[in-house]
Amino acid sequence: FLPSLPFLLTQAICHLGGDVDAYSVGVVVAQTQSADASQRRAAVQAMGKLVKPRDVHHISRLVFLLQDLDEQVREQVVRALSTITKLTDERVVTALLHSVSTDASPRVQRTATDCLVAATLQGEEAQAELRAVVKQSGMMGQDAPMLPTAVRVALGL
């Protein structure tokens, strides 16, 4: 098995990290549409290192990838989103809350839970922001899916 050139470029760009040009990021983002799950995973991992919080369109692409059929891709998306946004983006937090409660994979649910709990350790302000998003998301209450105990405790709910 010989990896494709775009896959190799994605790997190289990922390892370089730091500030790269828009073309390089475009190569990586294009790989998120690959039919090969390992290429999508590598692309998502690279995006976690390259995409900045201001890159709203790339973050939207990652949120969309939370629906990927491959659980390892979804798990990598959760990690990338929490790294890029530090979970200060309401849309991302809401997406991760849905992953915690509805993803078919316990592994993805656990990763999302761990990322949300870790975000609360960034201080009282971060915890208060996350708590507000949880309350606005409809993820609490009698008719809403229950959040894992770890998330509820970390958020002081």
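From the N terminus on, the elements of the protein run α-α-α-α-α-α-α-α-α. The model is a predicted one, and its secondary structure comes to nine helices and zero strands. Of the 157 residues in the protein, 47% are buried. Among contacts with a separation of 6 or more, 60% are between residues 24 or more positions apart.

- Helix H4 spans residues 56-64, and its buried residues are His-58, Ile-59, Arg-61, Leu-62 and Val-63.
- The cover over these buried residues includes helix H2 (22-30), helix H3 (37-50), helix H5 (71-85) and helix H6 (90-102).

**Packing of H4 against H5**

- The axes of H4 and H5 are 9 Å apart, and the two helices pack at an angle of about 150 degrees.
- Because that angle falls in the range over 145 degrees, H4 is roughly antiparallel to H5.
- The crossing of H4 past H5 is left-handed.
- On the H4 side, the contact is made by Ile-59, Leu-62 and Val-63; on the H5 side, Val-77, Ala-80, Leu-81, Ile-84 and Thr-85 take part.
- Sorted by class, the residues of this contact are seven nonpolar, one polar and no charged.
- Ile-59, Leu-62 and Val-63 are also listed among the buried residues of H4.

**Packing of H6 against H7**

- H6 and H7 have axes 8 Å apart and pack at an angle of about 135 degrees.
- That angle makes H6 oblique to H7.
- H6 and H7 cross in a left-handed sense.
- H6 contributes Val-93, Leu-96, Leu-97, Ser-99, Val-100, Ser-101 and Thr-102 to the contact, while H7 contributes Gln-109, Ala-112, Thr-113 and Leu-116.
- The residues of the contact of H6 with H7 comprise six nonpolar, five polar and no charged.

**Salt bridges: the pair Arg-74 and Asp-103**

- The count of salt bridges comes to five.
- One of them joins the side chains of Arg-74 and Asp-103, with an N to O distance of 2.7 Å.
- This pair links distant parts of the chain, 29 residues apart: Arg-74 is in helix H5, and Asp-103 is in the loop between H6 and helix H7 (106-120).
- Both Arg-74 and Asp-103 are buried.

**Salt bridges: the network around Glu-75**

- Which residues are linked with Glu-75 in a network of salt bridges? The network consists of Glu-75, Arg-79 and Arg-107.
- Side chains of opposite charge can pair when their charged atoms come close.
- Arg-79 and Glu-75 form a salt bridge with an N to O distance of 2.9 Å.
- Arg-79 and Glu-75 are four residues apart in helix H5, which means that about one helical turn separates them.
- An α-helix has 3.6 residues a turn, so residues three or four places apart point the same way.
- Arg-107 and Glu-75 form another salt bridge, at 2.6 Å from N to O.
- Arg-79, with a relative accessible area of 39%, is partly exposed.
- Arg-107 is partly exposed as well, at 34% relative accessible area.

**Ala-42 in helix H3**

- Is Ala-42 buried or exposed? Its relative accessibility is 6%, so Ala-42 counts as buried.
- Ala-42 lies in helix H3, which is among the helices covering the buried residues of H4.
- Ala-42 and Thr-32 are ten residues apart in sequence, and their C-alpha atoms are 8.4 Å apart in space.

Definitions and conventions: Residues are numbered from 1 along each chain as its sequence is written. This is a predicted model: local features need pLDDT of at least 70, side-chain atom pairs count only at pLDDT 80 or more; totals for chains, interfaces and linings use all residues. Side-chain values use heavy atoms; hydrogens and water are left out. Buried means under 20% relative accessible area, exposed over 50%, partly exposed in between (1.4 Å probe, protein chains only). Contact means heavy atoms within 4.5 Å. A salt bridge is a side-chain nitrogen of Lys or Arg within 4 Å of a carboxyl oxygen of Asp or Glu. Axes are lines fitted to C-alpha atoms, for helices over the stretch in contact, and angles run from 0 to 180 degrees between N-to-C directions. Angles under 35 degrees count as roughly parallel, over 145 as roughly antiparallel, 65 to 115 as roughly perpendicular and the rest as oblique. A crossing is left-handed if the near helix is turned anticlockwise from the far one by less than a right angle, and right-handed if clockwise. Ala, Val, Leu, Ile, Met, Phe, Trp, Tyr, Cys and Pro count as nonpolar, Asp, Glu, Lys and Arg as charged, and the others, Gly among them, as polar.
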